[in-house]
Amino acid sequence: MKKTMFTYTKTILERVSFDPLLFCKELEKALKILLPYEIEQLTEWLLQFTKEKPELKHCQLLLNT
């Protein structure tokens, strides 16, 4: 089964979520390569994911740039 870039990005972000700086860096990279509809999906996912991890909330600012 082919893995989509969105799914791959989520996997990476989940794995690096222990480090807020690394998480933000990976999020920046993802925003450069994902398609617009994938960025929308990522935004929705990120809002849900960061509810449980308040230390990552500041990375949401990257979505507005």
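Reader: Are C24 and C59 buried or exposed?

Author: Both C24 and C59 are buried, where buried means under 20% relative accessible area, exposed means over 50%, and partly exposed lies in between (1.4 Å probe, protein chains only). This is a predicted model, in which local features need pLDDT of at least 70 and side-chain atom pairs count only at pLDDT 80 or more, while totals for chains, interfaces and linings use all residues. Residues are numbered from 1 along each chain as its sequence is written, and side-chain values use heavy atoms, with hydrogens and water left out.

Reader: What joins C24 to C59?

Author: In general, a disulfide is a covalent bond between the sulfur atoms of two cysteines. Here the rule asks for a pair of cysteine sulfur atoms within 2.5 Å, and the structure holds one disulfide, which joins C24 to C59 with an S to S distance of 1.9 Å. Because C24 lies in helix α2 and C59 in the segment after α3 (36-49), the pair ties together parts that are 35 residues apart in sequence; helices here are DSSP runs of H or I, at least four residues, numbered from the N terminus.

Reader: Which residue forms a salt bridge with E26?

Author: A salt bridge is a side-chain nitrogen of Lys or Arg within 4 Å of a carboxyl oxygen of Asp or Glu, and by this rule the count comes to one. The partner of E26 is K29, with the closest N and O atoms 3.2 Å apart. E26 and K29 are three residues apart in helix α2 (residues 20-33), so about one helical turn separates them.

Methods. Helices (H or I, at least four residues) and strands (E, at least two) are DSSP runs, numbered from the N terminus.
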